[in-house]
Amino acid sequence: MSVSKASEPLGSGRLSSVQWLICIIAAIGFAFDIYELLMLPLILRPALLELTGAQPGSDTFKFWFAMLFYLPAVAGGVFGLLGGYLTDRLGRRRVLTWSILLYAFSAFFAGFSTNIYMLLFFRCTCFIGVCVEFVAAVAWLAELFPNPVQREKVLGYTQAFSSIGGMMVAIANGIAIKYGANFFTIDIPDFLVGITGGDIAVENQHAAWRYTLMSGLIPAIPLMVLRPFLPESPVWQKKREAGTLKRPSIAALFAPDLRKATIVSAIGFACSLGIAFGAIQQMPQIVPGLKEVQAHAAEASTKAVAAAKKKAAEEGKEIPAEKLKAIGGAARGRTSQQYASEYTKMQEVGGLVGRFAMAMVLVMGVSWGWRLRMFQIPSLFLIPLLFYYFVRAENKTYFEIPLDSVFLGTIPVTTMSIGMFLMGFFVVSQLSFWGNYLPSAYPIHLRGTGESFSANIGGRLIGTMAAAVTSFLAGKFAFPAAGENQAVLAALQFSTAAAIVGTVIAMIGFINSFWLPEPKNDASHE
């Protein structure tokens with residue numbers, strides 16, 4: 001596809017085949033952005049148990065829990081800002097392609113981790129790829145669809161696929177937990193163990209968390225096939241060829257005409273991601289301690305122990321008490337992971353519906369500030385209600401939505417999961433808002449750099465710090481009533497911390513929205 005054809009003015013009519021291809025690859029990129037990020041809450045608990053031997057609630061566990069949430073975000077923020085600069089210097093399409101390849105292969109190799117440092121390294125490179133891809137994709141789409149109405153629709157609806165990515169990773173994790181070791185036999189190479197250290201037991205080489213990480217390679221496949229057909233941003237290419245493309249700089253973001261937009265959008269993005277990381281992504285630590293999940297986990301443990309005893313008796317053997325305890329504990333852990341995965345699906349369904357709702361709101365003729373506040377105001381009340389009250393109340397089960405009896409499991413519709421649906425609807429959808437707002441706030445030569453400052457320094461670097469704050473704060477709460485049940489204790493600690501952190505951040509974001517400037521003009525035509 002030549003640049004000349006790609007640079008023809010795009011109206012608000014039906015999309016051409018090339019435009020559909022652009023939307024498809026952008027939707028895949030957005031979907032797997034979130035797919036890669038939401039792997040961590042799902043795999044972190046079993047990965048830490050295996051690679052560190054630390055138990056939930058211990059200082060070592062809390063330390064690595066916080067580090068694996070925050071250090072990749074620091075790397076993503078710093079190198080993501082560099083990626084935004086390179087997007088303005090080298091082109092949107094080139095940086096978009098390499099960023100997707102970076103996060104896809106990083107996720108895959110993380111599945112071979114033989115120690116905690118190797119996992120941390122590949123999570124950092126994965127996060128860098130995700131941070132850069134978002135910025136490149138948003139700038140690319142905004143310039144390929146200069147018609148304002150069409151641009152808002154394309155950006156809004158393609159970003160909605162982020163929540164489909166969240167659902168996919170929850171489903172992939174569920175499949176890996178239930179069937180991974182039976183269908184796949186990807187062994188960790190001996191030379192890798194020799195280089196990185198660690199002593200990985202045979203059964204741990206096929207742990208579900210490893211296969212969940214490896215599935216992150218999927219987005220590289222369609223990209224390598226479709227890459228030759230993707231056009232570069234025509235307006236960026238035209239300026240570069242004409243020699244009129246200005247050099248980007250971080251200092252230019254704080255010029256008088258851009259300073260307010262840069263600061264306010266960075267704070268706003270930080271708040272939206274702060275709620276997601278400081279509250280929503282703590283759910284996998286909370287769900288195993290819910291009364292209903294505890295009951296199912298205990299039942300699964302009892303059945304696993306009984307089955308092991310029966311098999312041993314048939315073979316004329318006797319299983320040591322310690323091994324029986326390990327079998328029961330493993331069954332309990334698998335059940336808790338499965339429920340955490342299923343609850344995450346419910347939250348992602350809410351995020352998907354919310355992002356589509358946001359896409360419709362974004363074309364409304366109201367100020368940008370009120371488009372955001374339509375979703376902020378309900379979340380102010382929902383966060384304390386869900387994370388403080390619902391966790392302690394009876395988690396009534398209404399019914400279950402079967403997805404697929406073999407692979408996909410179910411979506412439990414409970415008091416708690418309905419709350420998670422609403423959290424996804426009102427909070428996750430706010431991320432789509434920023435993806436639409438930022439391209440309009442900056443001129444072409446600063447678009448990637450400006451978006452990257454708000455999304456990566458504000459959102460990824462500062463906003464994701466909320467996860468570490470929640471983890472630190474959780475350790476300060478004592479709940480003697482939980483007894484020795486670590487899952488229940490963790491649920492009470494993390495839910496209390498998430499309620500406090502999430503509510504405070506939501507209030508800051510709401511107040512900040514009143515300073516959000518309206519873009520002065522349509523920067524796409526500069």
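Select Phe 122, which lies in helix α5. Helices here are DSSP runs of H or I with at least four residues, strands are E runs of at least two, and both are numbered from the N terminus. Phe 122 is buried, because its relative accessibility is 17%. Buried means under 20% relative accessible area, exposed means over 50%, and partly exposed is in between, with a 1.4 Å probe and protein chains only.

A word on the model: it is predicted, so local features need pLDDT of at least 70 and side-chain atom pairs count only at pLDDT 80 or more, while totals for chains, interfaces and linings use all residues. Numbering starts from 1 along each chain as its sequence is written, and side-chain values use heavy atoms, with hydrogens and water left out.

**Cysteines**

Go to Cys 131. Its relative accessible area is 0%, so Cys 131 is buried. The closest cysteine sulfur belongs to Cys 126, at 9.5 Å, which is too far for a bond. A disulfide requires a pair of cysteine sulfur atoms within 2.5 Å. By that rule the count is zero. Select Cys 23 as well: this residue is buried, at 11% relative accessibility.

**The largest cavity**

Next, look inside. A search of the whole structure finds five cavities of 30 Å³ or more. On a 1 Å grid over the protein atoms alone, a cavity is a set of points where a 1.4 Å probe fits but cannot get out; lining residues have an atom within 4 Å of a point. Points are joined across faces, edges and corners, and volume is the space filled by probe spheres set on them. The largest cavity has a volume of about 280 Å³. Select Ile 34, Leu 273, Arg 355, Val 428 and Leu 431: of the 23 lining residues, these are the closest to the centre. Then colour α2 (17–51), α5 (116–144), α7 (161–183), α12 (259–278), α15 (321–361) and α17 (415–441), the elements that each give two or more residues to this lining. α2 gives the most, with five residues. The lining divides into 13 nonpolar, six polar and four charged residues. Nonpolar covers Ala, Val, Leu, Ile, Met, Phe, Trp, Tyr, Cys and Pro; charged covers Asp, Glu, Lys and Arg; the others, Gly among them, are polar.

**Helix α14**

Select residues 291–314. This is helix α14, with 24 residues, reaching 35 Å from its first C-alpha to its last, close to the expected 34 Å. The expected span is 1.5 Å times one less than the number of residues. Its buried residues include Ala 297, Ser 301, Ala 304, Val 305, Ala 308 and Ala 312. An α-helix has 3.6 residues a turn, so residues three or four places apart point the same way. After α14 comes Gly 316, with a positive phi near 70 degrees.

From Ser 301, move to Ala 330: they are 29 residues apart in sequence and 7.7 Å apart in space, C-alpha to C-alpha. Ala 330 is found in α15 and is partly exposed, at 35% relative accessible area.

**Aromatic rings**

Finish with the rings. The structure holds 25 aromatic pairs. Rings of Phe, Tyr and Trp (its six-membered ring) pair if their centres lie within 6.5 Å; planes under 30 degrees apart are stacked, over 60 edge-to-face, the rest tilted. Show Trp 370 and Phe 514, an edge-to-face pair, 6.5 Å centre to centre with 85 degrees between the planes. This pair links distant parts of the chain, 144 residues apart: Trp 370 is in α16 (368–392), Phe 514 in the segment after α20 (486–512). Trp 370 is partly exposed at 43%, and Phe 514 is partly exposed at 49%. Last, select Phe 30, Phe 134, Phe 269, Trp 368, Phe 433, Trp 434 and Tyr 437, a cluster linked by ring pairs.

Definitions and conventions:
On a 1 Å grid over the protein atoms alone, a cavity is a set of points where a 1.4 Å probe fits but cannot get out, and a pocket is an open set with protein on both sides within 12 Å along at least five of seven lines; lining residues have an atom within 4 Å of a point.
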